[in-house]
2 protein chains.
Amino acid sequence: MSELLPRAQSAAEAIGPALQAAGWTLATAESCTGGLVGHLITQVSGSSAYYLGGIISYANSAKQRLLNVSADDLRDHGAVSAPVALQMARGVRATLGADVGVSVTGIAGPLGGTRDKPVGTVYIGLATPDGEQVAHYVWDSDREGNKLLSAIAVLELLASSIDLD
Amino acid sequence: MSELLPRAQSAAEAIGPALQAAGWTLATAESCTGGLVGHLITQVSGSSAYYLGGIISYANSAKQRLLNVSADDLRDHGAVSAPVALQMARGVRATLGADVGVSVTGIAGPLGGTRDKPVGTVYIGLATPDGEQVAHYVWDSDREGNKLLSAIAVLELLASSIDLD
């Protein structure tokens with residue numbers, strides 16, 4: 001996966017100028033990536049100017065307690081779903097008092113896949129002052145690769161969405 | 001820093017059996033490492049059995065809002081201090097409802113160092129059902145290295161403290 005690291009680094013470096021041009025702060029809500037998005041963001045010196053922090057909601061109890069994700073939606077759609085990704089993004093934005101909330105929930109593998117949601121399935125949520133969106137991917141890598149591809153997708157969605165403003 | 005990755009991986013793999021033998025769940029509170037501890041823990045397949053999640057409290061506002069860190073202690077001792085590390089560990093344990101809370105707060109650099117607290121200064125807090133402790137280190141590396149050394153110290157403290165029970 002080391003060939004993906006320069007892309008991850010570039011994506012992490014792109015979000016700072018975009019956020020600062022918009023005057024926005026950022027918070028992250030991570031499930032399958034387990035903190036990797038926050039780690040990549042904070043590899044950039046000066047990231048404390050726009051990154052407030054985040055929630056690693058690995059267990060469903062953490063999604064409910066800290067991000068106000070609906071127990072009904074967790075039951076009906078599963079933790080890896082568009083409604084839960086969106087609620088995680090909204091939730092972390094509110095919990096940390098940030099302008100932008102971004103989230104990621106997925107199945108890194110090798111365990112946990114199903115026919116409908118194979119290993120590599122991931123949903124990314126974004127909530128900004130301008131609106132909300134959800135993106136969906138299915139990666140075809142191992143645990144480490146699926147985490148890194150998911151984190152890159154989060155950062156690239158973030159940078160491109162803010163640049164469009 | 002790639003020479004440290006096997007050590008980080010070993011440390012992350014050691015905590016699972018230790019926590020599971022004790023029947024304990026874990027939550028993390030990270031400042032300077034920005035999510036790296038959670039990322040390393042969740043590189044291990046099956047970590048969801050003991051890792052509930054964590055808080056990345058990069059901004060002081062996040063330390064207060066999510067971890068109940070005292071504003072007085074932040075003012076009097078600074079965010080990088082033993083009292084704040086301990087409150088972060090206690091706070092994340094309570095917030096996530098985990099048996100064990102571990103925290104890390106430090107100055108990764110290259111900015112932010114002072115004469116009393118040079119770049120590389122880090123405090124690690126641990127709160128378990130058996131008691132509490134704080135560890136203090138001063139690393140002599142760059143931003144990436146200071147983050148990784150801090151994360152390894154968190155994981156190694158965790159594994160050794162639980163093994164002693």
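**Figure 1. Strand E2 of chain A pairs with strand E2 of chain B.** In this predicted model, five bridges join E2(A) to E2(B), residues 51-57 of chain B, and the two strands run antiparallel. Strands pair here if DSSP finds at least two bridges between them. Helices (H or I, at least four residues) and strands (E, at least two) are DSSP runs, numbered from the N terminus. A:Ile56 has B:Gly54 as its bridge partner in E2(B). B:Gly54 also stands opposite B:Thr28. Strand E1 of chain B, residues 26-30, pairs with E2(B) in the parallel sense over five bridges.

Residues are numbered from 1 along each chain as its sequence is written, while chains are lettered from A and ligands numbered from 1 in the order in which they are written. Because the model is predicted, local features need pLDDT of at least 70 and side-chain atom pairs count only at pLDDT 80 or more, whereas totals for chains, interfaces and linings use all residues.

**Figure 2. Ten strands form an open sheet.** The order is E5(A)-E4(A)-E3(A)-E1(A)-E2(A)-E2(B)-E1(B)-E3(B)-E4(B)-E5(B). The pairing is mixed. E5(A) and E5(B), residues 131-138 of their chains, stand at the edges. Each has a single partner strand, so one side of each is left without a neighbour in the sheet. Direction ignored, neighbouring strands are turned by 10° against each other on average.

**Figure 3. Chain A meets chain B.** The contact involves 31 residues of chain A and 30 residues of chain B. Contact requires C-beta atoms, placed from the backbone, to lie within 7 Å. On the chain A side, two or more residues come from each of helix H2 (36-41), strand E2 (51-57), helix H3 (60-67), helix H5 (82-96) and helix H6 (143-163). E2(A) gives the most, with seven residues. By class, this side has 14 nonpolar, 14 polar and three charged residues. Nonpolar covers Ala, Val, Leu, Ile, Met, Phe, Trp, Tyr, Cys and Pro; charged covers Asp, Glu, Lys and Arg; the others, Gly among them, count as polar. Of the interface residues of chain A, 97% are also interface residues in chain B, so the copies meet through the same surface.

**Figure 4. Helices H3 and H5 of chain A cross.** Their axes come within 9 Å and cross at roughly 45°. Axes are lines fitted to C-alpha atoms, for helices over the stretch in contact, and angles run from 0 to 180 degrees between N-to-C directions. H3(A) and H5(A) are therefore oblique to each other. Oblique covers what remains after under 35 degrees (roughly parallel), over 145 (roughly antiparallel) and 65 to 115 (roughly perpendicular). The crossing is left-handed: the near helix is turned anticlockwise from the far one by less than a right angle, while clockwise would be right-handed. From H3(A), A:Lys63, A:Leu66 and A:Leu67 take part. They meet A:Val84, A:Gln87, A:Met88, A:Gly91, A:Val92 and A:Thr95 in H5(A). These residues divide into five nonpolar, three polar and one charged.

**Figure 5. Helices H3 and H5 of chain B pack at an angle of about 45°.** Their axes are 9 Å apart. The crossing of H3(B) and H5(B) is left-handed. B:Lys63, B:Leu66 and B:Leu67 represent H3(B) in the contact. H5(B) brings B:Val84, B:Gln87, B:Met88, B:Gly91, B:Val92 and B:Thr95.

**Figure 6. Helix H3 of chain A lies across strands of both chains.** The strands are E1 and E2 of chain A together with E2 of chain B. H3(A) runs at about 140° to E2(A).

Figure 7. A:Pro110 sits in the loop between strands E3 (100-106) and E4 (121-128) of chain A. In chain B, a cis peptide bond joins B:Gly109 and B:Pro110, with omega about 0°. B:Pro110 is in the loop between E3 and E4 of chain B. A:Asn68 is in the loop between H3 and helix H4 (71-77) of chain A.

Technical notes:
Two residues are in contact if their C-beta atoms, placed from the backbone, lie within 7 Å.
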